[in-house]
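This briefing is for a reader meeting the structure for the first time.

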Amino acid sequence: MRTGIATVCLSGTLREKMRACAIAGFDGIEIFEQDLVTSPLSPEDVRKMAADLGLGLDLYQPFRDFDGVTPDLLKANLRRAEAKFKLMSRLGMDTILVCSNVATATIDDDGLRADQLAQLANLAGDHGVKVAYEALAWGKYVNDYEHAYRLVDMVDHPNFGTCLDSFHILSRDWETSHIEAFNPGKIFFVQVADAPKLTMDVLSWSRHYRVFPGEGQFALAKFMGHVVRAGYTGPVSLEVFNDVFRQSDVERTAVDAMRSLIWLEEQSANWLAGTESVPGNGAAHRRRYPMELATLPKVNEPAGFNFAEVKADDTAQLEKLLGQLGFAFEGRHRTKDVQLWTMGQARVIINEQAAQHAEPAIAALGFDVDSPVIASARAQQLKAPVVARKVQADEEVFQGISAPDSTEIFLCQGSPDGTAAWTHEFGEGLELPSPGTNAVIDHVNLAQPWQHFDEAVLFYTSAMALEPQPFAEVPSPSGLVRSQVMQTSDGAVRLVLNLAPIQQASGQKTYQEHIAFAVDDLVATARAARDRGLEFLQIPANYYEDLDARFGLEPGFLATLQELNLLFDRDADGEFLHFYTATVGSVFFEMVERRDGYDGYGAPNAPVRHAVQYDSLHRS
């Protein structure tokens, strides 16, 4: 699959955008007209630079408001078009995007429209240019991709075809299977973009909220599957308008964009394989199409958390907190300045390496996977940076990659009994989980920088095989916090990505991260932690009055919850008990108990936690 990206997707100058696209590995680019108009580079300079970088110049865009106009305006439009065709000759480009008219069209007549577009096609042919006609979702008279293709048929000119843009099609919920009936020679270009499902006018949705494939909710694999079945062989190019992307680091955004196309290519191949079966036995097989779709090494979803790592310069508070929760200190690593603490099968590493002046913060997560080497190879093909880790000859070799927020992700060899072979490198050697409370890491909550939130969703989807759940917005004193759960199908791995509110000018951090541990008896765990002197997050009495009003809990049970600062939630499947510790640096811990089939996170309690933490931060 030939990959492309429109320069409008990225921040910076045209020169910076082209370099970033080459570094990310794109085959070609679309030049957005404004990027060229505002650039000091001449068309000849751009052409040479593209050649030097190994980038094709695939599409010049956009040419707006051409068709359905009066004769006088048509004459002016043809003059404007010829100037662009001459410019494209200097650039060495042969395809232009022409959008259906949204502003100047006054005549709704397909016969007239086809005649005007035929004049444009004749002029384009004289200059060796192909016209890719696109139906904008908000086009005045043409807003349906099938309508645009009917006009292509009516024009019937070798230099006139259509451009299929996934946003304009999927935002209107048009059926995409009809693409398969199109003449592939008349599909001149394909643009892809994802988007969250929003209820708003389609123009604003398009201009501000498009995202890269895998970061939204559109059925892009199905769309691309139909395009491939049609026989299309040209570029598959990203056209994403997004306010965040155009403020972010250009090279990083380009890599994220390339990752999204690699992911989309695999997902499209999987969709095709899943919809094509041998009659009679249902066995999947792969048909060959003119466009070959590459796939990645296959990996299963993680089986569970292997460990969580917190890095800090001064670890005394962390050690005290873990001890109060009931974790056992299992010793220091024999060659590294790190500690191991365990409770059942929950393992926490405290890392003091290269942590000078660092406040406690979550630094790394380990996941149990079937084959760490294959999982790492997949992640690297998806542009994940490799984490270097020094090891001695007799130590476990971890495959490490870096997440968008710089959290280090280690891919560990899972074991059926939940043990980890590397623990023998600590203290006297820990072969089995320590006796006592049965605990596992239930979920980890990571705060995501505003400019990398969508990138993180795609990273964990594509590289770690986690599935995004419907996102929620939680109120806090600092504003709404967008929360995106990523998890495995069985819930063994739950990762909560929170888009924290923009920090205040004071520079104070108003949102923290945490690790949650699941136990069988939270009340007993809380009592034992209290006896060890644990400082709980203090929950206001108003919360328990509201809890009683909502659930009508047994008075003795409600009193126990209030006595121990426990929070409670119930849904149709079960109940959820949990408590929080005070925050150390930017880290706090949560202990949870899931009863019956409860599968959530106590979302109704999140505003309480945010408010109490905010108050504690500002009082201190």
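N565 is buried, with a relative accessible area of 9%; buried means under 20% relative accessible area, exposed means over 50%, and partly exposed lies in between, using a 1.4 Å probe and protein chains only. The model is predicted, so local features need pLDDT of at least 70 and side-chain atom pairs count only at pLDDT 80 or more, while totals for chains, interfaces and linings use all residues. Residues are numbered from 1 along each chain as its sequence is written, and side-chain values use heavy atoms, with hydrogens and water left out.

**Backbone geometry**

- Most residues other than glycine have a negative phi, and most peptide bonds are trans.
- N565 is not a glycine, yet has a positive phi of about 60 degrees.
- N565 sits in the loop between α16 (555–563) and β22 (567–570); helices (H or I, at least four residues) and strands (E, at least two) are DSSP runs, numbered from the N terminus.
- D596, also a residue other than glycine, has a positive phi near 60 degrees.
- D596 belongs to strand β24 and is exposed, at 75% relative accessibility.
- The peptide bond between Q61 and P62 is cis, with omega at about -5 degrees.
- P62 is part of strand β3 (residues 56–63).

**Salt bridges**

- The whole structure contains 28 salt bridges, each defined as a side-chain nitrogen of Lys or Arg within 4 Å of a carboxyl oxygen of Asp or Glu.
- In one of them, R90 pairs with E44, and the closest N and O atoms are 2.8 Å apart.
- R90 is in helix α4 (residues 71–91) and E44 in helix α3 (residues 43–53), so this pair links distant parts of the chain, 46 residues apart.
- Both partners are partly exposed: R90 has a relative accessible area of 41%, and E44 has 38%.
- D599 forms a salt bridge with R494, with 2.7 Å between the closest N and O atoms.
- This pair also links distant parts of the chain, 105 residues apart: D599 is in the loop between β24 (587–596) and α17 (606–619), and R494 is in strand β20 (residues 494–499).
- D599 is partly exposed at 38% relative accessibility, whereas R494 is buried at 6%.
- Salt bridges with shared partners connect D67, D108, D110 and R113 into one network.
- Within that network, R113 bridges to D108, the closest N and O atoms being 3.1 Å apart.
- R113 is buried, with a relative accessible area of 1%, while D108 is exposed at 51%.

**Cysteines**

- A disulfide is a covalent bond between the sulfur atoms of two cysteines.
- Counted as pairs of cysteine sulfur atoms within 2.5 Å, disulfides come to zero here.
- C99 is buried, with a relative accessible area of 4%, and C412 is buried at 2%.

**A helix pair**

- Two packed helices are described by the angle between their axes and the distance between the axes.
- The axes of helix α10 (residues 250–275) and helix α13 (residues 453–462) come within 10 Å and cross at roughly 40 degrees.
- Here the axes are lines fitted to C-alpha atoms, for helices over the stretch in contact, and angles run from 0 to 180 degrees between N-to-C directions.
- On the α10 side the contact is made by R252, D256, R259, S260 and W263, and on the α13 side by E455, L458, F459, T461 and S462; contact means heavy atoms within 4.5 Å.

**Single residues**

- L91 lies in helix α4 and is buried at 1% relative accessibility.
- Leaving aside neighbours within four places in sequence, L91 is in contact with I31, L36, P43, V46, R47, L57 and Y60.
- One of these residues, L57, is 34 residues from L91 in sequence and 8.0 Å away in space, C-alpha to C-alpha.
- Q512, in the loop between β20 and β21 (513–519), is buried at 7% relative accessibility.
- Not counting residues up to four places away in sequence, Q512 touches N445, T583, S586, F588 and Q613.
- G125 is in helix α5 (residues 110–126) and is partly exposed, with a relative accessible area of 30%.
- The C-alpha atoms of G125 and A384 are 44 Å apart, and the two residues are 259 residues apart along the chain.
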